[in-house]
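Me: I am new to this structure and would be grateful for a guided reading of its fold.

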Amino acid sequence: MSQGLVVGLTGGIGSGKTAAADEFARHGATVVDTDAIAHQLTRPGGAALNAIREQFGPEFLDAAGAMDRTRMRALAFADAAARKKLEALLHPLIRAESERQIEAASGSYVILVVPLLVESPGYRERVSRVLVVDCPEAVQLERVQSRSGLAAEAVHAIIRSQAPRAARIAAADDVIDNSGSLAALHKQVAELHQRYLKQARS
Ligand code: ATP
């Protein structure tokens with residue numbers, strides 16, 4: 001399977017990556033989600049916790065022994081060097097676990113979900129194709145706010161920290177337009193699935 005088709009799925013915050021990935025999984029693809037892996041690594045007992053304790057101090061772990069996400073987010077937002085240190089610690093672990101899951105994949109092909117794929121040369125080299133889930137920023141904002149109640153300015157700050165929409169589209173081999181209904185999203189996934197199946201077999 002390691003030589004098989006690996007489609008990198010990306011998109012801005014709230015663009016619909018998870019909704020699309022879930023649908024690919026329903027069709028029989030194996031989904032490897034780097035965000036989910038990052039969460040597992042920093043949960044109680046996760047493989048990143050010892051390094052986090054050593055490099056940031058025990059105050060960055062919560063009572064349950066997980067990384068204190070709120071505290072770490074605040075630090076990473078305020079201190080670029082700390083953010084780099086955290087990334088340097090987590091990225092190799094995330095990458096190694098992604099590779100392990102790709103090797104173990106039993107689906108017809110792999111959907112590798114990487115929110116910052118366009119910004120990450122290492123992942124771009126790893127994937128066979130780049131699939132971008134796209135929608136206007138106003139739609140991203142509305143969906144993220146109705147999901148999380150985050151303030152508009154906070155969502156804008158995240159959007160600004162990510163690659164611009166045009167840069168993502170320019171890097172894409174395939175694009176899902178997720179400005180419409182979930183049914184419209186599902187239809188596009190079904191069409192791409194047929195193409196990916198053919199590519200995986202050839
Ligand atoms: P994040 O970057 O925050 O991880 P994401 O790109 O994975 O987000 P989703 O979680 O799939 O995005 O979608 C964001 C929200 O919008 C979710 O609540 C989801 O149910 C909803 N959503 C996604 N696509 C549509 C759609 N076409 N119509 C209506 N709601 C949608």
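Predicted model: local features only at pLDDT ≥ 70, side-chain atom pairs only at ≥ 80, totals over all residues.

Reply: Residues are numbered from 1 along each chain as its sequence is written, and side-chain values use heavy atoms, with hydrogens and water left out.

Me: Which strands are the edge strands of the open sheet?
Reply: The open sheet has five strands with parallel pairing, in the order β2-β3-β1-β4-β5. Strands are DSSP runs of E with at least two residues, helices are runs of H or I with at least four, and both are numbered from the N terminus; two strands pair if DSSP finds at least two bridges between them. Pairing on one side only marks the edge strands, β2 (30-33) and β5 (174-177).

Me: What is the bridge partner of T10 in β4?
Reply: Strand β1 (residues 6-10) pairs with strand β4 (residues 129-134) in the parallel sense, over four bridges. Within β4, T10 is partnered by V132.

Me: How are α4 and α5 oriented to each other?
Reply: The axes of α4 (residues 69-78) and α5 (residues 80-103) come within 5 Å and cross at roughly 120 degrees. Axes are lines fitted to C-alpha atoms, for helices over the stretch in contact, and angles run from 0 to 180 degrees between N-to-C directions. Angles under 35 degrees count as roughly parallel, over 145 as roughly antiparallel, 65 to 115 as roughly perpendicular and the rest as oblique. The two helices, α4 and α5, are therefore oblique.
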